[in-house]
Amino acid sequence: MADDITNTRPFRTLSVTDEMSPTGDRALLIVFSVGQAGRTHVIGDEPLIIGRDESAEIRLLADDVSRRHASIRRQAPGLFVIEDLGSRNGTRVNGVPATGKHELRFGDKILIGGQHILLFTRYSEAEDRLLQSQRLASMGELSSGVAHDFNNILGVLLANIGFLRALRDVSLSDAEVQQCLEESQAAVMRGVQITRQLLAFVRDNVHQERQLSVLKVVGEVANLVRRTLRRSIRVEIDVAPDLFIAGDPVQLHQMLMNLCLNARDAMPEGGLLELRAELAPTPGEGAAHAPPQETGAQVRLVVRDTGVGMSPEVCARAQEPFFTTKGKGQGTGLGLATASTIAERHGGRLEIASRPGVGTTVEVFLPAITDVVEQPPRVEPTTSGNHRVITGRVLVVDDESGFRAGVSRMLRTLGFDVLVAEDGATAVETYREQKGSIDAVLLDLVMPGMDGVAVFHAIRDINPEAKVLVTSGQLETTTARQLLKAGAVDFLQKPIDVNTLGKALAHALY
């Protein structure tokens, strides 16, 4: 790298609890298992036993895991250790066998058997508050672009509704009427897509680790950030389709959004924003950017701009919290610090290279998943263009009258009889009185008074075999996943179109 390029290694950000109270430190152990979402455990003074035995606090079901494989605990303020308990296959930390009481450092990766990786990382309430404030700040950045998109969508709907209301004696088969309906449906679906992207970005589900496609994460962020870019900024994306990482999608969205917004601000006259991702060369390949002291495969995410760049002095401080060169009211100086924190939380790191007048390149190294577990595709029942007619009776439970009316019309089109309930108590009473004739329940999760969770359990108490499909305007939440495990048939995110509803009911009943 040329001498006038500054390449900084990140410092480890200091949390409030680390700085103010050595005895107040907290750590997390995040367990990644093949085919499962990440599970998070808080480490305290009492040892956590890792193993296959039912009494183990962290139970790993695999033949290559011993019944009591290893233990991990906080031995002293700021000191966490892991100890192998005489396991058959040993315990490895960053690829090295752990002997005795092995001291852990934040970011260490622990291998238990061949299917389980445990990430040791810090938990800080201050950092969680920082991440949340950054999401809110980013929403402010996105608001004008999103408002523009929604005004366009509403403009299409109002124009078409006004046209249809003014018509007299015109058939639905009329070509112009069909065009209005198709344009309106396309506008609604565009609004649905934007809303779901925003919900995925801002929802406050910390530590929801799972297997993620890098291509999908980058694409989702790019779709959002384009709404904030001036037309003089061109976006190029080059991401290999077979790259996967384990992590929290909300935090990784935030990390990339921060980097993209910084790149945008560095190009007031326009330029190129480049998003790339590839499998990083291993240390043995001698590449200049090969991650030092890393034993596993790494994904290298690159965000590059052709903006004003930074001097060596500014670049050296770029990741410090609250350090900024922007004018008053133009930035908090938390964007890069937050991105660095998120990278560290995921067992990775962030590096910056910049040159004044040329631009800035930010590289994020994250552990790659090389043994990707493919989820089998769900076989959907098919419906014809005129919708499949299914017989039965559905109880629709929702406190929103417009939703009840619209879904009831769709259900009758599909061939169902419909009962409705505007609140949880009415739903339970209706089901108790007519359970013999109700084939399925379409249940909203969020209602005043008796919410969907309480209604679900009350209906299942009446009939343990009840077919309940839960709905919500939110993305699939922890609550929804818990109900699916408890026996709910499906989760449908609002708004629901007639084909999706028909397929879900056919799958549930036939």
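Helices (H or I, at least four residues) and strands (E, at least two) are taken as DSSP runs and numbered from the N terminus. On this basis the chain holds 12 helices and 24 strands. The model is predicted, and local features therefore need pLDDT of at least 70, side-chain atom pairs count only at pLDDT 80 or more, and totals for chains, interfaces and linings use all residues. Residues are numbered from 1 along each chain as its sequence is written, and side-chain values use heavy atoms, with hydrogens and water left out.

Of the 510 residues in the chain, 46% are buried, where buried denotes under 20% relative accessible area, exposed over 50%, and partly exposed the range in between, computed with a 1.4 Å probe on protein chains only. With contact defined by heavy atoms within 4.5 Å, 66% of the contacts between residues at least 6 apart in sequence join residues at least 24 apart.

Helix α4 (residues 214–225) packs with helix α5 (residues 249–265) at an angle of about 45 degrees, the axes being 10 Å apart; these axes are lines fitted to C-alpha atoms, for helices over the stretch in contact, and the angles run from 0 to 180 degrees between N-to-C directions. Helix α4 is therefore oblique to α5, since angles under 35 degrees count as roughly parallel, over 145 as roughly antiparallel, 65 to 115 as roughly perpendicular and the rest as oblique. The crossing of α4 and α5 is right-handed, a term that applies if the near helix is turned clockwise from the far one by less than a right angle, the anticlockwise case being left-handed. In α4 the residues V217, V218, E220, V221, L224 and V225 meet H253, L256, M257, C260 and L261 of α5. The residues of this contact comprise nine nonpolar, one polar and one charged, with Ala, Val, Leu, Ile, Met, Phe, Trp, Tyr, Cys and Pro counted as nonpolar, Asp, Glu, Lys and Arg as charged, and the others, Gly among them, as polar. Helix α5 also contains N262, which is partly exposed at 27% relative accessibility and whose C-alpha atom lies 9.9 Å from that of V303, 41 residues apart in sequence.

Three aromatic pairs are present in the structure, a pair being rings of Phe, Tyr and Trp (its six-membered ring) with centres within 6.5 Å, and planes under 30 degrees apart counting as stacked, over 60 as edge-to-face and the rest as tilted. The rings of F80 and F106 have centres 6.5 Å apart and planes at 50 degrees, so this pair is tilted. The pair links distant parts of the chain, with F80 in strand β7 (residues 79–84) and F106, 26 residues apart from it, in the loop between β10 (101–104) and β11 (109–112). At 2% relative accessibility F80 is buried, whereas F106 is partly exposed at 21%. Together with F120, F80 and F106 form one aromatic cluster.

Within strand β2 (residues 26–33) lies L29, which is buried at 0% relative accessibility; the C-alpha atoms of L29 and V42, 13 residues apart along the chain, are separated by 6.4 Å.

Two backbone features remain to be described. Most residues other than glycine have a negative phi, and most peptide bonds are trans. Phi of N94, a residue other than glycine, is positive, near 55 degrees; N94 occurs in the loop between β8 (91–93) and β9 (96–97) and is partly exposed, with a relative accessible area of 25%. The peptide bond from K494 to P495 is cis, with omega near -10 degrees, and P495 is placed in the loop between β24 (490–493) and α12 (498–509).
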